[in-house]
Amino acid sequence: MTSTPTTQAPLLPARHDTRCPFNPPPAYTEAAATGPVSRAELPDGTSCWLVTGYQEVRTVLSDSRFSADVRRPGFPFLTTGQREILAVTPSFVRLDDPEHARLRRMVTGDFLIKRVEARRPAIQRIVDEALDRMTAAGAPADLVTHFALPVPSLVICLLLGVPYADREAFQERSRLLLSIEAGREETARARIELLDYLGELAVRKREHPGDDILSRLAARDDLTPRQIATTGVLLLVAGHETTANMIGLSTAMLLRHPEQAARLADPAALPGAVEELLRLLTIAHAGVPRVALEDVELGDTLVRAGEGVIAMLSTANRDEELFGGGDRLPTDELDLDRDARRHVAFGFGVHQCLGQPLARAELQIALATLFRRLPGLRLAVPESELEFRTEAVIYGPKSLPVAW
Amino acid sequence: MQVSVDPDRCCSSGQCVMTVPGFFEQDDEDGLVRIRPTAPEPAQYADVRLAAELCPGGAITVTEGAEPVGHAGHGPAR
Ligand code: SF4
């Protein structure tokens, strides 16, 4: 029952249409319009399945017949050089259970809802201080440099126990790590430098432990220093790239809809508003790779063992049946009162983002505080001049010049 | 409505606690799911169903039935 391609299979990762910076690349939405599963081609020339439907995406991400293990034959790679780099020391998101669960459970304690809720005052302080610094320097200011990036960066440094003074070195390297355009050697070097840095830090933490994740990992004797460093790199990169881009992109979107941005001031509406932003903006634009371990019927398509699959979160999150209807706006538009809780912006299945309670708290606090303290916030350049990270695995604005 | 949870399938995402804070809880140490020893309030039914649907590990089972049937404890076997 293998479906035959009717149009030219898109080349992954597909390009954005820079005239519609808030939309996923048109190749994905076009594929979604033809059906939930279609063919696509990877950068290395091999073909794979592009999964764009909501139910099918959830199946791919939660069915253990699809593997997240990068070492499996046929695993689809979206960026050049990833194969060699990831296969050497995969972090737990690139492994399957039980190994994935064993490593993940070592850090789940730090992301419990209760633990994250207790951190809200600390996050609020970080947000307020970043805004103090930005406003003291005067308008116009780049919101990415002064707010969107430092906030999550300070928060994850606090949790991990990484000295904030070292941030520039790791911010630059994590950028490289997530870049589609960076060459293989550059990416490999960035990853090794980050691993070395965190490995050395973990050794120091073993002797002088603090109340932080790295210290807790370093104190365990069932982890090699490399495993500690790999988990550290994952949390560091995931913790600041994703949230930073979400804050930047959300702000740009909210500035387009000032009448809706006012909803953030209502504490009862705030959590739902953030879910809608997560749904609509789905910054993991490149999709989530998996490989089929056996033949699986996915909708009307037979995916064969050893075939690569890319689950596209952004198109799943625009499912009209699920998120539209009634008096709601179409799903490619912002509607802060929409019930968006079924979105898969954090992925789905046992690999679903571990840091989601933290991400939610940061986004709620950062966005509500930003629009409360700066009610006159506006873009300092025409929106058409904004540049976006079309080359990165995680999508967002490169810079966001604002005035207030 | 009868609800059971399987901690072996739980990946501590906290999604259920966020969806129905009064009913689902996370263990303080490992974050594994637990449920309150009382059946959910009828007003919570819709959210409990949603929590089961959204649980990324498939750890929550909801059995609709004659009301009220109470509570199924921690594991699926009890
Ligand atoms: S939603 Fe599921 S996986 Fe997440 S904490 Fe609750 S039971 Fe565990």
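Trainee: What share of the 404 residues of chain A counts as buried?
Mentor: Good place to start, and keep in mind that this is a predicted model. A residue counts as buried when its relative accessible area is under 20%. Among the 404 residues of chain A, the share that counts as buried is 56%.

Trainee: How many helices and how many strands does chain A have?
Mentor: Both kinds of element are present in chain A. The count for chain A is 17 helices and 10 strands.

Trainee: Which value does the globule rule give for chain A, and what is its radius of gyration?
Mentor: For 404 residues the globule rule gives 22 Å. The radius of gyration is close to that, so chain A is as compact as a globular protein of that length. Along the principal axes, the C-alpha trace spans about 60 × 55 × 40 Å.

Trainee: How many positive and negative side chains does chain A have, and how far apart are the centres of the two sets?
Mentor: Let's take the counts before the distance. Chain A carries 46 positive and 55 negative side chains. The distance between the centres of these two sets is 4 Å.

Trainee: How many aromatic pairs are found over all chains, and what is the arrangement of Tyr54(A) and Phe323(A)?
Mentor: The search of the whole structure, over all chains, finds five aromatic pairs. For Tyr54(A) and Phe323(A), the ring centres lie 6.0 Å apart and the planes meet at 85°. Planes over 60 degrees apart count as edge-to-face. The pair of Tyr54(A) and Phe323(A) is therefore edge-to-face.

Trainee: How many residues apart in sequence are the parts that Tyr54(A) and Phe323(A) tie together?
Mentor: Tyr54(A) belongs to helix H2 (residues 54-62), while Phe323(A) belongs to helix H16 (residues 320-323) of chain A. Tyr54(A) is buried at 3% relative accessible area, and Phe323(A) is buried too, at 2%.

Trainee: Which residues does Gly324(A) contact, leaving aside its neighbours within four places in sequence?
Mentor: Gly324(A) is found in the loop between H16 and helix H17 (356-373) of chain A. With a relative accessibility of 17%, Gly324(A) counts as buried. Once those sequence neighbours are left aside, the contacts of Gly324(A) are Asp319(A), Thr331(A) and Arg338(A).

Trainee: Where is the cis peptide bond with omega of about 5°, and where is the one with omega near -5°?
Mentor: Pro98(A) lies in the loop between helix H3 (82-88) and helix H4 (99-108), and Pro140(A) lies in the loop between helix H6 (120-137) and strand S4 (141-142). The bond with omega of about 5° joins Asp97(A) and Pro98(A). The one with omega near -5° runs from Ala139(A) to Pro140(A).

Trainee: Is Thr282(A) buried or exposed, and what is its phi?
Mentor: Thr282(A) sits in the loop between helix H14 (270-281) and strand S5 (288-292) of chain A. Its relative accessible area is 1%, so Thr282(A) is buried. Its phi is positive in a residue other than glycine, near 20°.

Trainee: And in chain B, what is the phi of Ser12(B)?
Mentor: Ser12(B) lies in the loop between strand S1 (2-5) and helix H1 (15-19) of chain B. Ser12(B) is buried, at 3% relative accessible area. Its phi is again a positive value in a residue other than glycine, near 60°.

How values were computed
Residues are numbered from 1 along each chain as its sequence is written. Chains are lettered from A and ligands numbered from 1 in the order in which they are written. This is a predicted model: local features need pLDDT of at least 70, side-chain atom pairs count only at pLDDT 80 or more; totals for chains, interfaces and linings use all residues. Side-chain values use heavy atoms; hydrogens and water are left out. Helices (H or I, at least four residues) and strands (E, at least two) are DSSP runs, numbered from the N terminus. The radius of gyration is taken over C-alpha atoms; the globule rule is 2.2 Å times the number of residues to the power 0.38. Buried means under 20% relative accessible area, exposed over 50%, partly exposed in between (1.4 Å probe, protein chains only). Lys and Arg count as positive and Asp and Glu as negative; His and the chain ends are not counted. The place of a charge is taken as NZ of Lys, CZ of Arg, CG of Asp or CD of Glu. Rings of Phe, Tyr and Trp (its six-membered ring) pair if their centres lie within 6.5 Å; planes under 30 degrees apart count as stacked, over 60 as edge-to-face and the rest as tilted. Contact means heavy atoms within 4.5 Å.
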